Every structure is written in structure tokens, then in C-alpha cells.
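I opened my notebook to look up a few things in one structure.

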Amino acid sequence: MLARMASNFYWLGRYVERTENTARLLEHQLERLVDTAADDLAIGWRVLYRALSQPPPEAPADVDEAEAYLVADAYTLAGGLVEDSTNPASLISCWAMARENAREIRPRLPLRVWVCLNQGFLWLEDTEFHEVETREGVCQDYAHVMASILRGWGVPTRYVSGYLGPDRGDGEGATTGESHAWVEGWFPGRGWIGLDPTNDVQCDERHVRVALGRDYADVPPTRGVFRGSAESVLSTQVRIVRETSSR
């Protein structure tokens with residue numbers, strides 16, 4: 001029994017250490033996205049994958065192709081090392097094994113250690129890499145991903161909750177809009193610039209801003225509490241009127 005307990009403690013520590021090492025390597029590579037040439041970034045990904053005994057990504061044929069490693073594909077490459085549960089070297093796999101070993105010796109662990117392992121696993125399960133890789137998700141997901149990228153680049157960024165008006169030529173009359181989310185980044189000399197990653201556009205008059213915050217939790221469209229089997233349904237209507245100058 002003591003030997004099994006010692007083994008659980010040993011492997012708990014080893015898997016936590018492996019998770020930390022992988023996270024540090026990933027952090028270093030992602031920090032280089034800002035000011036590193038695309039072909040050097042591609043080399044960095046291959047070195048990182050080899051260091052973790054993973055099949056490296058294919059080398060780009062030229063510099064233009066290497067550009068694919070910059071942002072979106074960087075998230076895809078990082079996502080394979082973060083949330084791929086079939087990859088034994090991924091963060092979630094290593095953390096899951098640490099958590100499993102901790103479960104075996106749960107009565108011997110301080111409560112704060114078990115809580116930390118549990119919260120870390122749940123956080124990894126809820127990462128945003130899946131939305132980027134599969135291109136599945138809603139506007140709030142993409143707004144959070146873009147906010148993370150901009151903040152990682154040192155750009156002050158705020159999350160915007162509002163509504164998106166219809167894409168009509170005249171822009172007049174009452175029309176049914178959609179609850180929407182995007183981000184605004186502050187750029188020297190230009191101020192706050194709205195960016196809508198869901199539609200791949202810079203924000204314009206169609207984007208009706210309602211509230212600003214750090215993320216969705218700060219500014220949800222509705223907030224409240226109910227009990228029982230009640231359900232809530234959100235419906236919106238946005239009236240957009242284009243005014244022409246009399247001058």
C-alpha cells in the first residue's frame with residue numbers, strides 16, 4: 001500500500017512538471033508571434049514539436065506559405081499541444097494523469113491541492129482552441145479569441161456587447177438585428193478601433209455598441225436568476241436609420 005501511494009505521489013509530481021515544461025515552451029513560442037519572421041516561426045514550431053517527441057508540422061515551401069504559421073494556424077498548432085486528449089504529451093492529457101494519480105491519494109492531499117488540480121483540468125477542457133481549429137462557435141467565442149491575441153501582443157483590448165444591424169444598401173427602417181459581440185483595440189495615433197472577427201471586418205455603422213467590459217461575463221445581454229423549469233429566450237430588434245446631411 002505504501003509503495004502504491006509513493007508511486008502515485010511520484011507520478012503526480014512528474015505529470016505536473018511535464019505540464020509546466022510544455023506550457024513554458026508554448027508560451028515562449030507564442031510570444032515570438034509579434035516580432036519574428038514567419039519562416040523562423042515555422043522552424044520554432046518544428047523544434048518545439050520535436051522537443052516534445054511529436055511529429056513536427058510540415059515545412060512551408062516558401063516564405064508566403066510560412067505566413068500561415070502566424071496567427072490562426074499558430075492557434076491550431078498550439079491547440080494540438082493543449083487540448084488534444086489523444087496526444088499523451090498535451091497539457092490536458094498530462095494534467096488528467098496528474099489528477100488521476102491525485103484521486104488515488106485524495107485523503108492524503110491538502111484540499112487546496114485537489115481544488116487546484118480540478119480547476120486546472122476544467123479550465124483546460126474549456127479552452128478556445130477548438131473554435132479556431134474547427135471554425136465552429138459563436139461571435140462571443142471569436143471575440144474572446146481575438147481579445148486574447150491582441151492582449152498577448154500588448155494591445156489594450158476591450159470586449160464589446162451589442163447588436164449587428166442588417167447589411168442593406170439603404171440602411172433605413174426597422175429591421176430585426178442580432179445580438180452580437182466584437183472587440184475594440186487601442187492603437188497609438190488612432191485610438192479605439194472596432195474589429196469584428198466573426199465577420200472579418202472593421203466595425204462600422206452596423207455595429208450598435210451597448211456595453212463594454214473585459215469579457216462576456218462583464219456585459220451579458222441579459223442577467224438574472226430564476227428557479228424551476230423556466231426558460232429564457234432572447235429576441236432583439238435594432239432600428240437603423242441612415243441620415244443624410246442637409247448641407
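What follows is a set of notes, entry by entry.

**Entry 1: the whole chain**

I began by noting that this is a predicted model. How many helices and strands are there in the chain? I counted 8 helices and 7 strands. Next I looked up burial: of the 247 residues of the chain, 38% count as buried. Then I turned to contacts between residues at least 6 apart in sequence. Of these contacts, 59% join residues at least 24 apart.

**Entry 2: α1 and α5**

I picked a pair of helices, α1 (residues 2–31) and α5 (residues 91–104). At what angle do they pack? The angle is about 160 degrees, and the axes are 8 Å apart. An angle over 145 degrees counts as roughly antiparallel, so α1 and α5 are roughly antiparallel to each other. I also looked up the handedness, and α1 passes α5 in a left-handed crossing.

Which residues meet here? From α1 I wrote down N8, W11, L12, Y15, V16, R18, T19, T22, A23 and L26. From α5 the partners are L91, C94, W95, M97, A98, N101, A102 and E104. Sorted by class, this contact has 12 nonpolar, 4 polar and 2 charged residues.

**Entry 3: M5, also in α1**

I stayed with helix α1 for one more residue, M5. Is M5 buried or exposed? Its relative accessibility is 15%. The cut-off for buried is under 20%, so M5 counts as buried. I then asked which residues M5 is in contact with, leaving aside its neighbours within four places in sequence. My list reads I105 and R108. M5 and R108 are 103 residues apart in sequence, yet their C-alpha atoms are 9.3 Å apart in space.

**Entry 4: two cysteines**

How many disulfides does the structure hold? I found 0. I looked up two cysteines anyway. C94, which I had already listed among the α5 residues that meet α1, is buried, with a relative accessible area of 0%. C116 is partly exposed, at 45%.

**Entry 5: G44 in α2**

Where is G44 found? It is in helix α2, residues 38–51. With a relative accessible area of 14%, G44 is buried. Not counting residues up to four places away in sequence, G44 touches Q29 and R32. I checked the spacing to Q29 as well: 15 residues in sequence, and 6.8 Å in space from C-alpha to C-alpha.

**Entry 6: two residues with positive phi**

I reminded myself of a general point before this entry: most residues other than glycine have a negative phi. Then I looked at S53, a residue other than glycine, whose phi is positive and near 60 degrees. S53 has its place in the loop between α2 and α3 (63–66). At 65% relative accessibility, S53 counts as exposed.

What is the phi of D200? I noted about 55 degrees, a positive value although D200 is not a glycine. D200 lies in the loop between β4 (191–196) and β5 (201–202). Its relative accessible area is 68%. The cut-off for exposed is over 50%, so D200 is exposed.

**Entry 7: W186 and G191**

My last stop was on the strands. W186 is found in strand β3, residues 178–187. The relative accessible area of W186 is 37%, and the residue is partly exposed. Which residues does W186 contact, leaving aside its neighbours within four places in sequence? I wrote down V155, P156, G191 and W192. P156 is 30 residues away from W186 along the chain, and 5.5 Å separate their C-alpha atoms.

I followed one of those contacts, G191. G191 lies in strand β4 and is buried, with a relative accessible area of 18%. With its neighbours within four places in sequence set aside, G191 is in contact with G185 and W186.

Key: Residues numbered from 1 in each chain as written. Predicted model: local features only at pLDDT ≥ 70, side-chain atom pairs only at ≥ 80, totals over all residues. Heavy atoms only, no water. Axes fitted to C-alpha atoms, helices over the stretch in contact; angles between N-to-C directions. Helix = DSSP H or I, 4+ residues; strand = E, 2+ residues; numbered from the N terminus. Parallel < 35°, antiparallel > 145°, perpendicular 65-115°, else oblique. Left-handed = near helix turned anticlockwise from the far one by under 90°. Contact = heavy atoms within 4.5 Å. Nonpolar A, V, L, I, M, F, W, Y, C, P; charged D, E, K, R; others polar. Disulfide = S-S within 2.5 Å. Buried < 20%, exposed > 50% of the residue type's maximum accessible area, 1.4 Å probe, protein only.
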